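Hi,

Here is the structure I promised to pass on. Have a look at it first, and then read my notes below.

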Amino acid sequence: MTGYFATAKAGHDRGNLYVIVGEEGANVYLSDGRLRGMARPKKKNRRHIQIIGKTVGPDILDRLLHKEEVFDHEIKYAIKQYLAGKESAYVEE
């Protein structure tokens, strides 16, 4: 699930778009590159998110999977490109 776009289904952040940047048991870690950056991702129960069938671009995805550094501006740009409908920054699964 790491690298997929997801929206929050529950909580005060309901409806917000995030990128899943990590997983731990029944929880995932979400980042939007703004309020919830890579240094402080949001911990959320898997049941409280809706996964979107698209992932970030292959360069960011590869770094997320290998636990390498990903910058907030890259996450923010990928979300912006997804919302604009440009497929250069994300991959459909």
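Predicted model: local features only at pLDDT ≥ 70, side-chain atom pairs only at ≥ 80, totals over all residues.

Now for the fold. The protein has 2 helices and 6 strands. Starting at the N terminus, the order is β-β-β-β-β-α-α-β.

On overall dimensions, the C-alpha trace spans about 30 × 25 × 25 Å along its principal axes. The radius of gyration is 12 Å, which agrees with the value near 12 Å that a compact globule of 93 residues would have. Of those 93 residues, 44% are buried. If you look at contacts with a separation of 6 or more, 52% of them are between residues 24 or more positions apart.

One detail to look up in the viewer: the structure holds 1 aromatic pair. It is made by F5 and Y82, whose ring centres are 4.8 Å apart with the planes at 20°, so the pair counts as stacked. F5 sits in strand β1 (residues 4-8) and Y82 in helix α2 (residues 72-84), so the pair ties together parts that are 77 residues apart in sequence. Both F5 and Y82 are buried.

Cheers

How values were computed:
Residues numbered from 1 in each chain as written. Heavy atoms only, no water. Helix = DSSP H or I, 4+ residues; strand = E, 2+ residues; numbered from the N terminus. Rg over C-alpha atoms; globule rule 2.2 N^0.38 Å. Buried < 20%, exposed > 50% of the residue type's maximum accessible area, 1.4 Å probe, protein only. Contact = heavy atoms within 4.5 Å. Phe/Tyr/Trp six-rings, centres within 6.5 Å; stacked < 30°, edge-to-face > 60°.
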